[in-house]
Amino acid sequence: MDPLFVLLVGIVIVFVGILYFKLHAFFTLTLAAMAVAALSAPELISGYWMGEGKSAAEAASLASSPFGLRVATAFGVTCGKIGIVICMASIIGKCLLDSGAALRIVRAILKVLGEKRAPAAMGASGFFLGIPVFFDTVFYLLVPLAKALAASTKKNYGLYVLAIIAGGSIAHSQIPPTPGPLFVAEQLGIDIGMMMISGIIVGGIAAISGMVYAKWINKRKPIPFRDLEEGGDEKMQKWDDITDRDLPNLWLSMTPIILPLILLSGKTIITGIAGSAGLTLPAAISSIVSLLGDKNVALTLGASVGLFTLFQTKGGGQMAVKSAMQSALSSGGIVLMITCAGGAFGGMLQQSGIRGVVEQIDVAGGMWFLPMAFFLTAMIRTVQGSATVAMITSVGILGPMAAPEILGFHPIYLAMVIGFGSKPVPWMNDSGFWVISKMSGMTEGETLTNFSVMATIMAVVGLIVSMIASNVLPLN
């Protein structure tokens, strides 16, 4: 069957399932993967496996496998690549919150920058905590602090809230181990350390553009401080009642985030420098770098430090540690199921022969491909509401073009653009839209004017920076 028709069927199932029937993303993506697998022609599947280095006999055997088995295999392959990382990142995030380490980090940033630079402190806190902690949770944590600052300064409440969003939302879409960028990096064969470094640099520039807009809109249409709806205040902890003595020390608080970042980026930097200099690392050093720089090992070490921090803060309370792990794995498990279902969907799309169709397009040096990837992801995100689903779907379609010899530049830029494409345009079909609106006290119109516009500006700036970088520093 024609690969474009198969692609259309898969996308329609995703949109209709999520938008009309309100089905869970895991079920919808799995259903779409099975439909695509069932409709794909055996000869195209066989051609896919031969392109993966399989012999003709092996490719024919895999092509004749039941489509349910092929979907399950792709699901398992994705889980093997990112399953441990997502679960360990969930544990790190939960431990940071329950131990008070996250609050300790925020207070330290506020102390360094001072009240005059409180918006920058809120943005930096959101960006830093958004690396291991899901955006919704970061927002829940920091909104009470934004309220406290607004009560103290009698102004700039909207600016504080937007600063949190600018930092946290960009980290959510650009920096692993959050699921979206982690999945994109794995699908495009990008080293996770490189993805983290690039996400911090380019995402930081985009976040700064968001801060500029936040300051501009705050001067023209300031958001008044209001009581939160639906009794949100009653559910929030009053941070002023907690002293620094009740919190872990700063370095211990930061270690669960910084340690994996150093290990992963360190491996990328060391191997990159050695390769460019034509040096061969001694076997012992190479083994240590490979071991500690492995994403599963690095995140497990970070999670271990997080659990130790929680254990120490709670006075050796084993139940606190057990409860944190159960809660983290419950929430992380849901995200993992969705992401692996997306991996199965993307795998079936590639087996459908869509690669051959995409490769027939004249890439014109690759420069046009980045804005196309951006607008494709943005369309999917705007229509169905989920940034993560948009990234998963988009990379499944565009993945066949990820080779540097086809693009003309390193696929890291494609990964960046897919992440930025998942930002616009958040509106009423996005759960994050309602979290921000309800928790901050903004009206729907104010949320659109502030959050939605700012997210779109950051996305466009990120696209422009990525395009310039791909031309100036292609890395291929």
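User: What pLDDT does the protein average, and which element has the lowest mean?

Analyst: pLDDT is the predictor's confidence in each residue, from 0 to 100. Here the protein averages 85, and 93% of the residues score at least 70. Helices are DSSP runs of H or I with at least four residues, numbered from the N terminus. Over residues 228-237 pLDDT stays under 50. Where pLDDT is low, the predicted coordinates should not be read in detail.

User: Is T309 buried or exposed, and what does T309 touch?

Analyst: Buried means under 20% relative accessible area, exposed over 50%, and partly exposed in between (1.4 Å probe, protein chains only). T309 belongs to helix α15 (residues 295-313) and is buried, because its relative accessible area is 1%. A contact means heavy atoms within 4.5 Å. Not counting residues up to four places away in sequence, T309 touches S99, P248 and L252. P248 sits in the loop between α12 (232-235) and α13 (250-276) and is buried as well, at 5%. Its own contacts beyond four places in sequence include S99, G100, R104 and T309.

User: How many aromatic pairs does the structure hold?

Analyst: Rings of Phe, Tyr and Trp (its six-membered ring) pair if their centres lie within 6.5 Å; planes under 30 degrees apart count as stacked, over 60 as edge-to-face and the rest as tilted. The structure holds seven such pairs. One of them joins F26 and F75, edge-to-face, at 6.4 Å centre to centre with 75 degrees between the planes. F26 lies in helix α2 (residues 25-39) and F75 in helix α5 (residues 67-99), so this pair ties together parts 49 residues apart in sequence. F26 is partly exposed, with a relative accessible area of 27%, and F75 is partly exposed at 23%.

User: What are the relative accessible areas in the pair of F374 and F375?

Analyst: F374 and F375 are also edge-to-face, 5.2 Å centre to centre and 85 degrees between the planes. F374 is buried at 3%, whereas F375 is exposed at 55%.

Note on methods. Residues numbered from 1 in each chain as written. Predicted model: local features only at pLDDT ≥ 70, side-chain atom pairs only at ≥ 80, totals over all residues. Heavy atoms only, no water. Helix = DSSP H or I, 4+ residues; strand = E, 2+ residues; numbered from the N terminus.
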